[in-house]
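Here's a quick briefing to read with the model open beside you. Have a look around first, then come back for the details.

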Amino acid sequence: MRCAVLTVSTSVARQKRDDTSGELLARRAEEAGADVAAMEVVPDDFSLIEDRLFHYVDEGYELVFTTGGTGLTPDDVTPEATRHVIDREVPGLAEAMRAESLRNTPMGALSRGLAGVAAGTLIVNFPGSPKAIDEVFGVVAPVLAHAVATIRGDHRH
């Protein structure tokens, strides 16, 4: 499963902070069997996020994980950019991630991340916090290989 990790953070893009969330997300993806072939950082900018997501879809990546930009600040536009790229939502993934997050903090209800399919690519928005990524990745990991196989057209269940 070829995977790209896209960190959405203006402060990381400006090199004011290290990309700890992207690095953790890449490590967790690899532990789940993904081949992380690309890692990139963009600022909180709708057009740039959308452009990079379309790029990874066009390049045939099977998985694209984003981290950051899923909160309530005016700059948090990752879900909106993702919605513009995907053809179909996969609400169960985002719902499961929020449910797991709520087990740890009431602030989990404020996450607006989503998941969906664009052509042959599964895109999943993760929170920007390394702690939150650690908390929620475990609910996504068990279904990734099956999701990718199904998107590819393998209908054997």
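**Inside the fold**

The largest cavity has a volume of about 70 Å³. Keep in mind that this is a predicted model.

**The cavity**

- A search through the whole structure turns up one cavity of 30 Å³ or more.
- Helix α5 puts in the most, giving four residues to the lining of the largest cavity.
- Is Ser 101 buried or exposed? Ser 101 counts as buried because its relative accessible area is 11%, and the cut-off for buried is under 20%.
- Setting aside neighbours within four places in sequence, Ser 101 is in contact with Gly 108, Glu 135 and Val 136.

**The pocket**

- The largest pocket holds about 300 Å³ of space.
- It has 21 lining residues, and those nearest the centre are Thr 70, Pro 127, Gly 128, Ser 129 and Ala 132.
- Helix α6 supplies the largest share of that lining, with three residues.

- Strand β6 covers residues 121-126, and six of its six residues are buried.
- In a regular strand, side chains alternate between the two faces of the sheet.
- Which residues sit on each side of β6? Thr 121, Ile 123 and Asn 125 are on one side, with Leu 122, Val 124 and Phe 126 on the other, and both faces are covered.
- Strand β3 (residues 63-67) runs parallel to β6, and five bridges join the two. Thr 67 stands opposite Phe 126 in this part of the structure.
- Strand β5 (residues 115-118) pairs with β6 in the antiparallel sense, over four bridges. Ala 115 has Val 124 as its bridge partner in β6.
- β5 and β6 make a hairpin with two residues between them, and Ala 119 in the turn has a positive phi of about 55°.

**The nonpolar cores**

- The largest nonpolar core has 23 residues, and Cys 3, Leu 63, Phe 65, Val 124 and Phe 126 have the most contacts inside it.
- At least two residues of this core come from each of β1 (2-8), α2 (20-31), β3, α5 (91-102), β5, β6, α6 (130-140) and α7 (144-152).
- Another core lies apart from this one, with 18 residues, among them Ile 49, Leu 53, Ala 81 and Ile 123.
- Leaving out residues up to four places away in sequence, Phe 65 touches Cys 3, Ala 4, Val 5, Leu 6, Leu 25, Ala 29, Val 124, Phe 126, Phe 137 and Leu 144.

- Asp 87 is in the loop between α4 (78-85) and β4 (88-89).
- Asp 87 counts as exposed because its relative accessibility is 58%, and the cut-off for exposed is over 50%.
- Beyond its neighbours within four places in sequence, Asp 87 is in contact with Val 117, Ala 118 and Ala 119.
- A polar atom of the Asp 87 side chain lies 2.8 Å from the backbone nitrogen of Ala 119, the turn residue with the positive phi.
- Asp 87 and Thr 121 are 34 residues apart along the chain, with their C-alpha atoms separated by 10.0 Å.

Terms used: Residues numbered from 1 in each chain as written. Predicted model: local features only at pLDDT ≥ 70, side-chain atom pairs only at ≥ 80, totals over all residues. Heavy atoms only, no water. Buried < 20%, exposed > 50% of the residue type's maximum accessible area, 1.4 Å probe, protein only. Pairing = 2+ DSSP bridges. Contact = heavy atoms within 4.5 Å. Polar contact = N/O pair within 3.5 Å; in protein donor to acceptor, adjacent residues only side chain to side chain. Core = buried A, V, L, I, M, F, W, Y, C linked by side-chain atoms within 4.5 Å. 1 Å grid on protein atoms, 1.4 Å probe; cavity = no way out; pocket = protein on both sides within 12 Å on 5 of 7 lines; lining within 4 Å. Points joined across faces, edges and corners; volume = space filled by probe spheres on them.
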